[in-house]
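Dear colleague,

I am passing on the structure that we spoke about, and below it you will find my notes on what was found. Please read them with the model open beside you.

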Amino acid sequence: MENFKNYIEKNKNRFLSELFELLRIPSISANSDHDSDTRLTADLINKHLKKLGLDNCEICETEGHPIVYGEKIINQDLPTILVYGHYDVQPVDPIELWNQDPFQPYIKKTEIHPEGAIFARGACDDKGQMFMHIKALEVMLENGDLPCNVKFMIEGEEEVGSDNLELFVKNNKEKLSNDIILVSDTGMISKTIPSITTGLRGISYMEVELTGPNRDLHSGHYGGTVANPINILSQMITSLHDSNNKITIPGFYDNVTEPSEEERKEMASIPFNIDEFKNSIGLDSEYGELGYTTIERQSVRPALDVNGIWGGYTEEGAKTVLPGKASAKISMRLVPGQNWKEINKLFTKHIKDITPNTVSVKVIEHHGGQPYVAPTNTIAYKAASNAYEDVFDLKPIPTRDGGSIPIIALFEKELESKTILMGFGLDSDAIHSPNEHYGVSNFLLGIETISNFYHHFTKLSND
Ligand code: BES
Ligand code: MN
Ligand code: MN
């Protein structure tokens, strides 16, 4: 669709400066110091939707960060696309590893993005990708070419578990009714190889706190006579994997759906270079569960990782102390067959079982979510595939991703609709890391691909 391409080319500088404005607001959902920033971000998105002439634009209050909503219903008989995205971002720490202020966006060329990449927290995850949808809508409207109905729902708590969105969805099923949910919050294989994400892992996020003595002790006077909670916690964590890197929690794998031979063959044919993978993150050797490839470990196999561990003295210099407490935050990535609530129970029971009686234990449940698998024999998949092919001259490859967007499985349950995951990020974009960035061309081609998707989807729906 030539007119879309031309419009994007003519307006790209404005698109980028509008995105920069969004990126300048530090909408970190995890940190309540930034509550006024999440609100400012919601206001700004609301302004964009209003300016495009969407109807029923509102900022929906929640117990937490607000949800931005707007819709354009042009004809009840036409299909309706519900766009979902998130405007909240991850915290920036460790701040000292950023080359510049994470909230002062700038464009710099990189090896992978010779045309330039936008550097800022949220550039890719997910402000940049979410904003592509707002601009795609502008492209269609300004060209008098919006082919179907559209609803926008942009939340501010994805990075902290989407608890309030869950309630909102349950309470607004009619308002959110749709034929397909469209999301850009995942990645593609490489700059020139498009892919459609057909699966996301679920998640169970837990915290373990061990308490030993009733106060921090002198590690000389007491060392060797009192169980050190950090030592004990380390032993417990180590025991959660066996020598084949399998997770040792009893029952953990009981309901895991094994990939079929067919699926394994398909995964093996995905363009993936293990050396590039290792080099890109500065590692010499691969790691993981025995009997599976890296792609399988990353997508169809569960994983357990400590996200943070603390206790005792971590400041400058040395302080001799035998700490009274030790804690760890542990996430488990889940695959089809596993239920996060069930996994929470198995985890909690196992942790309690392996805690020696020299310390006491508290297990805290954070958020969780179910895995999602998307079918490929649908109109939405075909439409997305055609849209990518128009823009990238290549048929996209279906891939299952290792990350989680828990609300997607909930959409399926509550709204009874499928989601099509059209992500344009790259693994090298460093989401959640220092110097997160997003390729300018990924951003612009994404806008074009999304605009084309609306047309293919409407056309195939009418056939
Ligand atoms: N956009 C990511 C999820 C993602 C990243 C999916 C890369 C596929 C590939 C999302 O913002 C995210 O970070 N989700 C969290 C889960 C949430 C419950 C905190 C995650 O996966 O850690
Ligand atoms: Mn995201
Ligand atoms: Mn994220």
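Aspartate 126 lies in the loop that runs between S5 and helix H3 (127-142), where helices (H or I, at least four residues) and strands (E, at least two) are DSSP runs numbered from the N terminus. The peptide bond joining aspartate 125 and aspartate 126 is cis, with omega about 0°. Before going further, please note that this is a predicted model, in which local features need pLDDT of at least 70 and side-chain atom pairs count only at pLDDT 80 or more, while totals for chains, interfaces and linings use all residues. Residues are numbered from 1 along each chain as its sequence is written, chains are lettered from A and ligands numbered from 1 in the order in which they are written, and side-chain values use heavy atoms, with hydrogens and water left out.

A cis peptide bond also leads from aspartate 93 to proline 94, with omega near 0°, and proline 94 lies in the loop between strand S3 (80-86) and S4. Asparagine 245, in the loop between H5 and helix H6 (261-268), has a phi near 60°, a positive value in a residue other than glycine.

**The ligand**

Ligand 1 is surrounded by 16 residues, of which the closest are Glu158, Asp185, Arg333, Ser404 and His432; a residue is counted here if one of its heavy atoms lies within 4 Å of the ligand. This shell divides into four nonpolar, six polar and six charged residues (Ala, Val, Leu, Ile, Met, Phe, Trp, Tyr, Cys and Pro count as nonpolar, Asp, Glu, Lys and Arg as charged, and the others, Gly among them, as polar).

Among the polar contacts (pairs of N or O atoms within 3.5 Å), a polar side-chain atom of glutamate 158 lies 2.6 Å from an oxygen atom of ligand 1, and an N or O atom in the side chain of arginine 333 is 2.7 Å from an oxygen atom of the ligand. At serine 404 the backbone takes part, with a polar atom 2.8 Å from a nitrogen atom of ligand 1. Of the 520 Å² of accessible area that ligand 1 has on its own, the protein covers 89% (Shrake-Rupley method, 1.4 Å probe).

Three strands form an open sheet in the order S4-S5-S16, with antiparallel pairing; two strands pair if DSSP finds at least two bridges between them. Strand S4 (106-108) and strand S16 (437-439) stand at the edges with a single partner strand each, so one side of each is left without a neighbour in the sheet. Strand S5 (residues 117-119) is joined to S16 by three bridges, and alanine 117 stands opposite glycine 439 in S16.

The other open sheet has four strands in the order S10-S11-S9-S12, again with antiparallel pairing, and its edge strands are S10 (303-310) and S12 (360-369). Ten bridges connect strand S9 (residues 202-211) with strand S11 (residues 325-334), and serine 204 has methionine 332 as its bridge partner in S11.

Notes:
A polar contact is a pair of N or O atoms within 3.5 Å; within protein, one must be able to donate a hydrogen and the other to accept it, and residues adjacent in sequence count only if both atoms are side-chain atoms.
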